[in-house]
Amino acid sequence: VVLRISLAFFFFMFTSNTFVLFMDNYLSLHFQIGTLGTSLALMVFGAALALTSGFVITRINARFVRWTIIAGGTAVYLLMIVLFIGAPSSILSFVAIALFAGSFGLAYPTFLGAFSASVGEDEQGWVMGVTTALFTLGAGITSLIGGELMGIDPALPFYVAIGSALLSLLLSGALWRGPDVRRVVVNKAA
């Protein structure tokens, strides 16, 4: 179960790492906004993330099953990447950043809940170590290739992120069908 959740999670995290690592550079290059503008972008990201993961997630988890939150959050943040790179103004890019962060703030803790529910109490540390390793691996890979991609075209890392988000959705749809995984992802989070 952990392996099947991990595959979708890796691409989910690769997508978010790519977006967060390169959104400031893209804003600077595409809209020529300076340090104040990119700092505001990070503030918008942080505020939206704090709002959803701090206050909204409890209500969402009470109403929807994990699969719906994870798939819905991934789909929304995929659309927000498209909006971000297609935005005709920096203001619209900031809206995309806020909605991306908000959907991530709902899907990420729900993913962690699925990991936690997939193992017993004595394996909680191990499974959270797996999530940290996957997050770090995704960040490392995107750091290695993203700069080169951005040198070719400032939007190119985001196209890779779009593909990664689609792959996460496809993997979760294909690999989460068995009863052992469904037990974890179709239950509401506690």
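The part to follow is α1, residues 2-31, together with what lies around it.

Reply: A word on ground rules before we start. This is a predicted model, so to speak of local features a pLDDT of at least 70 is needed, side-chain atom pairs count only at pLDDT 80 or more, and totals for chains, interfaces and linings use all residues. Residues are numbered from 1 along each chain as its sequence is written, and side-chain values use heavy atoms, with hydrogens and water left out.

Now the helix itself. Helices here are DSSP runs of H or I with at least four residues, numbered from the N terminus. α1 has 30 residues, and its first and last C-alpha atoms are 42 Å apart, close to the 44 Å expected at 1.5 Å a residue. (The expected span is 1.5 Å times one less than the number of residues.) There is also a kink of about 45° in α1, centred on Phe 22; the angle is taken between axes fitted to the seven residues ending there and the seven starting there.

Let's begin at Arg 4. Its side chain meets that of Asp 180 in a salt bridge, 2.4 Å from N to O. The pair ties together distant parts of the chain, with Arg 4 in α1 and Asp 180 in helix α7 (residues 179-185), 176 residues apart. A salt bridge here is a side-chain nitrogen of Lys or Arg within 4 Å of a carboxyl oxygen of Asp or Glu, and a search of the whole structure turns up 1. Both partners are partly exposed: Arg 4 has 25% relative accessibility and Asp 180 has 30%. For the classes, buried is under 20% relative accessible area, exposed is over 50%, and partly exposed is in between, using a 1.4 Å probe and protein chains only.

While you're at that end, look at Pro 179, which is also in α7. Pro 179 counts as exposed because its relative accessibility is 69%. Pro 179 and Val 1 are 178 residues apart in sequence, but their C-alpha atoms are 9.8 Å apart in space.

Ser 6 counts as buried, at 9% relative accessibility. Leaving aside neighbours within four places in sequence, Ser 6 is in contact (heavy atoms within 4.5 Å) with Phe 115, Val 130 and Leu 134. Val 130 and Leu 134 are themselves among the buried residues of α5. What covers those buried α5 residues includes α1, α4 (90-117) and α6 (156-175). If you follow α5 (residues 124-152) along, it bends by about 35° at Gly 146.

Further along α1 comes Asp 24. Asp 24 has a charged side chain by name, so where does its accessibility put it, buried or exposed? At 18% relative accessibility, Asp 24 counts as buried. Not counting residues up to four places away in sequence, Asp 24 touches Thr 38, Ala 41 and Leu 42. Asp 24 and Ser 39 are 15 residues apart in sequence and 8.2 Å apart in space, C-alpha to C-alpha.

Thr 38 and Ala 41 are among the buried residues of α2, and the buried residues of α2 pack against α1, α3 (66-86) and α4. α2 bends as well, by about 60° at Val 56. Its end C-alpha atoms are 40 Å apart, which agrees with the 42 Å that 29 residues should span at 1.5 Å a residue.

Gln 32 has a positive phi of about 55° although it is not a glycine. Most residues other than glycine have a negative phi. Gln 32 is exposed, with a relative accessible area of 62%.

Definitions and conventions: Helices (H or I, at least four residues) and strands (E, at least two) are DSSP runs, numbered from the N terminus.
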